[in-house]
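Please read the following report alongside the sequence and the coordinates.

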Amino acid sequence: MKPLSLLFALAAGFGVVSNSAMAQNGIERFYVLYCGEIALNDMGRFSPGFTGPGTLSDTCYLIKHRQGWLLWDTGLGDAVADKPEGQKSNAGVWYNKKKLSAQLAEIGVKPSDIRYLALSHSHGDHVGNVDMFLQSTLLVQKAEYDWPGPNNTPRFNPAMKVMKADGDHDVFGDGSVTLISTPGHSPGHQCLLVKLPRTGALLLSGDAVHTKANWDLKRAPEQNFNHAQSIATLDRMAAVLREHNAALWIGHEPSEVAQRKYAPAYYE
Ligand SMILES: [Zn+2]
């Protein structure tokens, strides 16, 4: 082979390698969505050690994957945005300054475009807009799905298509988006491991961790469904972060969320 054709062969070979490497990860865009704010009467209920009032942010995330759109959590309901004085909850007041539907519209996404609706768990500040996505397939842990709701009512709309995971689950089969089982805050709580081609790997916390202080000091709220399991879950999360060289993104931590770029900007 002449040196020049060898060069072409090498170049073509490298081209094949990089194309196939890209084909392994189908994520095209990753959006951070504002999903409300929670004013707490007693921050210590969620972040042990704190006293007095505090604020938690509420964050949802949207993934554009080659195989379809995936929404992670739905935040406080859009109905809360129609109440400027906020909506009272058992721990404080919910505020919503920008509707999820408006943020989706801004980037040209209809609720019916969402193929997968993955939920960290079934608490009110994460499922406020689920009814907007009745055509999507729910991705939840079986333990959360089967957990009886108040007055023994189902926590999820039985008419919705659902994939009940029993542990970790690779959503698209390419390792780019994985449900990570992290029980404790609720029986079937899960985190989401997202491997972004340019930004790197992220672990979306859900409520396995509410604040950076909880993470740094390895603390969990006493009111969690299972406190010991919550602490064990922190170890599991640390192992996942190490294994995948991932960054932890805590959706309820206002100081972290302030550093993110919100939709319509996006990460790749
Ligand atoms: Zn929450």
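The sections below begin with the basis of the values and then go through the selected features.

## Basis of the values

This is a predicted model, in which local features need pLDDT of at least 70 and side-chain atom pairs count only at pLDDT 80 or more, whereas totals for chains, interfaces and linings use all residues. Residues are numbered from 1 along each chain as its sequence is written, and side-chain values use heavy atoms, with hydrogens and water left out.

## Aromatic pairs and charges over rings

The structure holds 11 aromatic pairs, a pair being two rings of Phe, Tyr or Trp (its six-membered ring) with centres within 6.5 Å, stacked if the planes are under 30 degrees apart, edge-to-face if over 60 and tilted otherwise. The pair of Tyr61 and Trp249 is tilted, because the ring centres are 6.5 Å apart and the planes stand at 45 degrees. Since Tyr61 belongs to strand β2 (residues 54-65) and Trp249 to strand β13 (residues 247-249), this pair ties together parts that are 188 residues apart in sequence; strands here are DSSP runs of E with at least two residues, and helices are runs of H or I with at least four, numbered from the N terminus.

Tyr61 is buried at 4% relative accessibility, and Trp249 is likewise buried at 7%, where buried means under 20% relative accessible area, exposed over 50% and partly exposed in between (1.4 Å probe, protein chains only). Ring pairs join Tyr61 and Trp249 with Phe30 and Tyr267 in a cluster. Over the face of Tyr267 lies Lys261, 4.7 Å from the ring centre, and the charged end of Arg155 sits over the ring of Trp147 at 3.4 Å from its centre; the criterion is NZ of Lys or CZ of Arg within 6 Å of the ring centre and within 35 degrees of the ring normal.

## The zinc ion

The protein donors of the zinc ion are Asp125 (OD), His126 (NE2), Asp207 (OD), Asp207 (OD) and His252 (NE2), at 2.1 to 2.7 Å. Donors are N, O and S atoms within 2.8 Å of the metal (3.2 Å for Na, K and Ca), and sites may look incomplete because water is not among the atoms. Along the chain the donors follow the spacing D-H-x80-D-x44-H. Asp125 is buried at 10%, as is His126 at 3%.

## Ser101

Ser101, in helix α2 (residues 100-106), is partly exposed at 31% relative accessibility. The side chains of Ser101 and Asp78 make a polar contact of 2.7 Å, that is, a pair of N or O atoms within 3.5 Å, of which, within protein, one must be able to donate a hydrogen and the other to accept it, residues adjacent in sequence counting only if both atoms are side-chain atoms. The C-alpha atoms of Ser101 and Trp249 are separated by 23 Å.
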